[in-house]
Amino acid sequence: MDRSSSSPPAEAPSEGATPRLALWVALGAVLLGAFFSLEAIPRLLLYGDELHSLSEIDRPYSELIAQVGANGSGSALLVLQHWGLGLFGPSLWAVRWHAAFGAIATLMLMYPAASRMVGPGPAALATLALALNPMHLFY
């Protein structure tokens, strides 16, 4: 049998295909989670410490840092909400911006951290699951 006339063996699929697809899934999950986090802010209800802190966020920074709210609100939450009040004015954005920022930042860090532990495919699925988790997006 003449080996020169035989066709070359079929090439294996590129090993970079799975990580590339996983990266696109993770990026889509981040964008989806960012959309869900941001579009819901104007219609969310305030619960717990967010609601209770409304009476305290207009105080000066020096007072906010030195106290814990009467209803258990920590000073960090009060300072972030006070800062949001200056950025967004009296709105739900002022009270909820830090939760949305935290949710988006967590999604952005999820894929790189998880891919080192479990590989790109499972990391992308974990990022997507986190992006669709209502508790993560709300808090």
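Is glycine 86 counted as buried or exposed? At 67% relative accessibility, glycine 86 counts as exposed, because the cut-off for that class is over 50%. The points below concern a predicted model.

1. Overall architecture. The protein chain contains seven helices and zero strands. Its order along the sequence is therefore written α-α-α-α-α-α-α. Of the 139 residues, 33% count as buried. Where contacts join residues at least 6 apart in sequence, 59% of them link residues at least 24 apart.

2. Glycine 86. This residue belongs to helix 4, which spans residues 75–88. Aspartate 58 lies 28 residues away from glycine 86 along the chain, and the C-alpha atoms of the two are separated by 9.6 Å.

3. Helix 4 against helix 5. Two packed helices are described by the angle between their axes and the distance between the axes. For helix 4 and helix 5, the axes come within 7 Å and cross at roughly 125 degrees. That angle makes helix 4 oblique to helix 5, since an angle has to be over 145 degrees to count as roughly antiparallel. The crossing of helix 4 and helix 5 is right-handed. On the helix 4 side the contact involves Leu77, Leu80, Gln81, Trp83, Gly84, Leu85 and Phe88, and on the helix 5 side Trp93, Ala94, Val95, Trp97 and His98. By class, the contact of helix 4 with helix 5 comprises nine nonpolar residues, three polar residues and no charged residues.

4. Helix 5 against helix 6. Helix 5 covers residues 92–118 and helix 6 covers residues 120–131; their axes come within 7 Å and cross at roughly 150 degrees. Helix 5 is therefore roughly antiparallel to helix 6, the threshold for that description being over 145 degrees. The crossing of helix 5 and helix 6 is right-handed. Helix 5 contributes Thr106, Leu107, Met110, Tyr111, Ala114, Ser115 and Val118 to the contact, while helix 6 contributes Pro120, Pro122, Ala123, Ala124, Ala126, Thr127, Leu130 and Ala131. These residues of the contact of helix 5 with helix 6 divide into 12 nonpolar, three polar and no charged.

5. The connection between helix 5 and helix 6. Glycine 119 is found in the loop that joins helix 5 and helix 6. With a relative accessible area of 16%, glycine 119 is buried, because the limit for that class is under 20%. Glycine 119 and alanine 22 are 97 residues apart in sequence, yet their C-alpha atoms are 9.4 Å apart in space.

6. Serine 37 and alanine 100. Which residues does serine 37 touch, not counting residues up to four places away in sequence? They are Ala100, Ala103, Ile104 and Leu137. Serine 37 is found in helix 1, residues 17–39, and counts as buried at 4% relative accessibility. Alanine 100, in turn, is found in helix 5 and is buried, with a relative accessible area of 5%. Leaving out residues up to four places away in sequence, alanine 100 touches Ser37, Leu38 and Ile41. Histidine 136 is 36 residues from alanine 100 in sequence, at 9.4 Å from C-alpha to C-alpha.

7. Alanine 129. This residue lies in helix 6. At 47% relative accessibility, alanine 129 counts as partly exposed, because that class lies between the buried limit of under 20% and the exposed limit of over 50%. Alanine 129 and alanine 29 are 100 residues apart along the chain, and their C-alpha atoms are separated by 8.2 Å.

Technical notes:
Residues are numbered from 1 along each chain as its sequence is written. This is a predicted model: local features need pLDDT of at least 70, side-chain atom pairs count only at pLDDT 80 or more; totals for chains, interfaces and linings use all residues. Side-chain values use heavy atoms; hydrogens and water are left out. Axes are lines fitted to C-alpha atoms, for helices over the stretch in contact, and angles run from 0 to 180 degrees between N-to-C directions. Helices (H or I, at least four residues) and strands (E, at least two) are DSSP runs, numbered from the N terminus. Angles under 35 degrees count as roughly parallel, over 145 as roughly antiparallel, 65 to 115 as roughly perpendicular and the rest as oblique. A crossing is left-handed if the near helix is turned anticlockwise from the far one by less than a right angle, and right-handed if clockwise. Contact means heavy atoms within 4.5 Å. Ala, Val, Leu, Ile, Met, Phe, Trp, Tyr, Cys and Pro count as nonpolar, Asp, Glu, Lys and Arg as charged, and the others, Gly among them, as polar. Buried means under 20% relative accessible area, exposed over 50%, partly exposed in between (1.4 Å probe, protein chains only).
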